[in-house]
Amino acid sequence: MQPAALSELQPVVPPEPCSPAIGVDEIPRNLSRAIERAEVNAWLDLYRAAPADFAAKQGLAIAEDGDLVWATCTTIPFIHFNCVKNFGVESAATESRLDALLAHYRDAGILRPWFYTNPHTEPATLSCWLEARPATSGRLGTHLSRRHAIAR
């Protein structure tokens, strides 16, 4: 088989755009909080079910302070294991609390902790605070903005 010359190739025609089969609406703050709380509860159950010797060996821990939950794992550098689960969701985040959480991760040797945010996170400037703070190496910039929506 001989290679085709460029002039013999068929032009690439982009596909026709199509509308999604379902519509999506933003959800209200109270439903967003319920979704976040359900996920936090699942992570709490998961961490509590970990065998003590495994948790100790892996540096696996989850902590709670009021409505705030954060996870730490010194041997698994994956975002779900080193993140603040619901910062600014149930109650407004503060810069002093953010700095304390960053200090916790820095002291644990976690270079890139993650913070989940969503459109209902309070205050609205939280993403700016996260982007402005340096981590132990380079800029933090480690937040994941999630959008909660419901199909109609």
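## Ground rules

Helices here are DSSP runs of H or I with at least four residues, strands are DSSP runs of E with at least two, and both are numbered from the N terminus. This is a predicted model, where local features need pLDDT of at least 70 and side-chain atom pairs count only at pLDDT 80 or more, while totals for chains, interfaces and linings use all residues. Residues are numbered from 1 along each chain as its sequence is written, and side-chain values use heavy atoms, with hydrogens and water left out.

## The chain as a whole

Let's start with the overall layout. You're looking at four helices and seven strands, and from the N terminus on they run β-α-α-β-β-β-α-β-α-β-β. Of the 152 residues in the chain, 32% are buried (buried is under 20% relative accessible area, exposed is over 50%, and partly exposed is in between, with a 1.4 Å probe and protein chains only).

Take the contacts (heavy atoms within 4.5 Å) with a separation of 6 or more: 61% of them link residues 24 or more positions apart. The chain exposes about 9500 Å², and carbon and sulfur atoms supply 60% of that (Shrake-Rupley areas with a 1.4 Å probe; for residues, only the protein chains shown count as cover).

## Helix 3

Helix 3 covers residues 95–107, which makes 13 residues. From first C-alpha to last it reaches 18 Å, close to the 18 Å expected at 1.5 Å a residue (that expected span is 1.5 Å times one less than the number of residues). Buried in this helix are L98, L101, L102 and Y105. They sit on the same side of helix 3 because they cover an arc of only 100° around the axis (the arc is taken from the directions from the helix axis to the C-beta atoms). An α-helix has 3.6 residues a turn, so residues three or four places apart point the same way.

What do the buried residues of helix 3 pack against? Their partners are strand 3 (68–73), strand 4 (83–84), strand 5 (114–117) and helix 4 (126–132). After the helix comes G109, with a positive phi near 85°.

Strand 3 is mostly covered, with six of its six residues buried. L68, W70 and T72 lie on one side, V69, A71 and C73 on the other, and both faces are covered.

Strand 2 (residues 60–65) pairs with strand 3 in the antiparallel sense over six bridges (pairing takes at least two DSSP bridges). In that pairing, L60 stands opposite C73. The two strands form a hairpin with two residues between them, and G66 in the turn has a positive phi of about 65°.

Are C73 and C83 buried or exposed? C73 is buried at a relative accessible area of 1%, and C83 is buried at 0%. The structure holds zero disulfides (pairs of cysteine sulfur atoms within 2.5 Å).

K85 sits in the loop between strand 4 and helix 3, and this lysine is buried, with a relative accessible area of 2%. Leaving aside neighbours within four places in sequence, K85 is in contact with E36, V40, W43, V69, W70, A71, H80 and Y116. Its C-alpha lies 8.5 Å from that of W114, which is 29 residues away along the chain.

P123 belongs to the loop between strand 5 and helix 4.
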